[in-house]
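Me: I would like to go through this model step by step, with the definitions stated as they come up.

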Amino acid sequence: MSDDLAALAARTEADLAAAADLRALDAVRVAVLGKSGALTALLKGLGAVPAEERKARGAALNALKARLEAAIEARREALEAAALQARLAAERQDMTLPPRPFAPGGPGGRAGGIHPISRTMEELTAIFGAMGFRVVEGPDVESDWHNFAALNIPDHHPARQDQDTFYLPGEIEGHRAVLRTQTSPLQIRTMLAEPPPIRIIAPGRTYRADHDATHSPMFHQVEGLVIEQGVTLGHLKGCLTDFLRAFFGIADLPVRFRSSYFPFTEPSMEVDIGWNRRTGELGAGSDWLEILGSGMVHPRVLANCGLDPRQWQGFAFGMGIERITMLKHGMADLRPFFEGDLRWLAHYAAHPLAPASLHEGV
Ligand code: DAH
C-alpha cells in the first residue's frame, strides 16, 4: 500500500476508535466514504493516474474501501451493544424487593388482605355454589318498577317508606330511578332474562337513607332465588338450615322459621338462629336472633315476570351481609367496615391465599 493510503487507513482507524457514539461514528464515515470524503476523492482521481499504475492503484483503493467499511460496521456494532447495555442498566428494576408490610409493624409483613365483606361473599358463593346456585349481578341504580312494583310493592305501600329510598333524577327503562334498597330486584331481572329452572344468588350493594352503629347508607345484601317445578317450603327450610350451619360452622345450630310478612312472598318467614343474648355466643343459650327473610315467591311476582304460577313455584330469601359478618366475628359496630382503618383491617382481613373457610374464623 502506498504511503498516502497507509496514512489514510491509520488516521481513519484511530478516528473510529475515538468515536464515542453513533453520531461521531457517522461523521468519520462521511469524512472518508461520503460524497466529498477522502477515499471517494482518491477513487475519483483514479482517471488521472498513469495507465500503467492505474490497475494496481485501483485494486489498492478498493481493498482499502472494503477494509474501512468493515471497520466502520464493527465499530457500529460495538457502539450499539454498549448503548443497549447502558439502557438496560439504567432501566433495571429490582423485582426482588419485598412488598410493603400490610400492617404497620406487622411481623413478616403481609401484602394485603381480603376485606371481611368480600370474604363473606366468597363464603356465600362457595356454600351456595356447592348447592348448585349461580351468582348474578345487577345495577345499583335501579328502576322503581324492578325495585318495588314488580315485587308486589305498589306505590303507596308502607314498605316504600320503610326502606328510606334514595330517589335519583331521571329514568331507568321508563321508570323512576332509585338506588336499589334491596337485592330483590335481581329476582325480577333473572326471571325476565332466562327461563326456569333457576337457582341464583345475587350478592351486592344496597342503599337506604339510614346511618347509625348498625346501619350504613350503603350496605350489602345477598338475595337467593329458586324457581323449579314442585319446589316446596320444605326445600326452603332445608336449604337455609344447611346454609346457616355451614356459614357459622356450627353443625347443630338451632334454626327457627317464624311466620312473617313480605309483599313478594306468600307465605313469608323470618329465620332465627339460637344464641345467648348475654354472652353473644351463637348456637348456645335459649335466645333467638333474627337473621334473614324468606318465603315462597308470590304468585303475582311470578306473573309479573311472565311465569304461570300454576306451573312454576319457588322460594326466595334475602339477608344483610354486614349483619351475618358481624355475628360471625363478634363485631359490635358496622361503621368500621367502611372506614379503612389499617389497624382494624389488619385484625379482621383474611389472608389472600387462605381458602374461603366454611368452618372457622378467618
Ligand atoms: N328484600 C328484603 C329486605 O331488604 C329481604 C328479603 C326478605 C328478601 C324475604 C327475600 C325474601 O327474597 O323472600 O328486607
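Me: How many bridges join strand β5 to β6, and in which sense do the two strands run?

Reply: This is a predicted model, in which local features need pLDDT of at least 70 and side-chain atom pairs count only at pLDDT 80 or more, while totals for chains, interfaces and linings use all residues. Residues are numbered from 1 along each chain as its sequence is written, and side-chain values use heavy atoms, with hydrogens and water left out. Helices (H or I, at least four residues) and strands (E, at least two) are DSSP runs numbered from the N terminus, and two strands pair if DSSP finds at least two bridges between them. T206 stands opposite F219 in β6, and strand β5 (residues 198-207) is joined to β6 by ten bridges, the two running antiparallel.

Me: What stands opposite R258 in β8?

Reply: β7 and β8 form a hairpin with two residues between them, and their pairing is antiparallel over seven bridges. Within β8, the residue opposite R258 is E270.

Me: In what order do the strands of the three-stranded sheet come?

Reply: In this sheet β2 (141-143) and β3 (167-172) stand at the edges, each with a single partner strand, so one side of each is left without a neighbour. Three bridges join β2 to strand β4 (residues 175-179), where the bridge partner of E142 is V178. The sheet is open and its pairing is antiparallel, in the order β2-β4-β3.

Me: Which element gives the most to the lining of the largest pocket?

Reply: A pocket is found on a 1 Å grid over the protein atoms alone, as an open set of points where a 1.4 Å probe fits, with protein on both sides within 12 Å along at least five of seven lines, and its lining residues have an atom within 4 Å of a point. The largest pocket is lined by 44 residues, of which R208, Q221, E290, G320 and R323 lie nearest its centre. Elements giving two or more residues to this lining include β6 (218-228), β10 (313-320) and α11 (321-329). The element that gives the most, with six residues, is β9.

Me: Which residue does a cis peptide bond join to E266?

Reply: Most residues other than glycine have a negative phi, and most peptide bonds are trans. The bond from P196 to P197 is cis, with omega near 5 degrees, and P197 is placed in the loop between α8 (185-193) and β5. In strand β8, a cis peptide bond with omega about -5 degrees joins E266 to P267.
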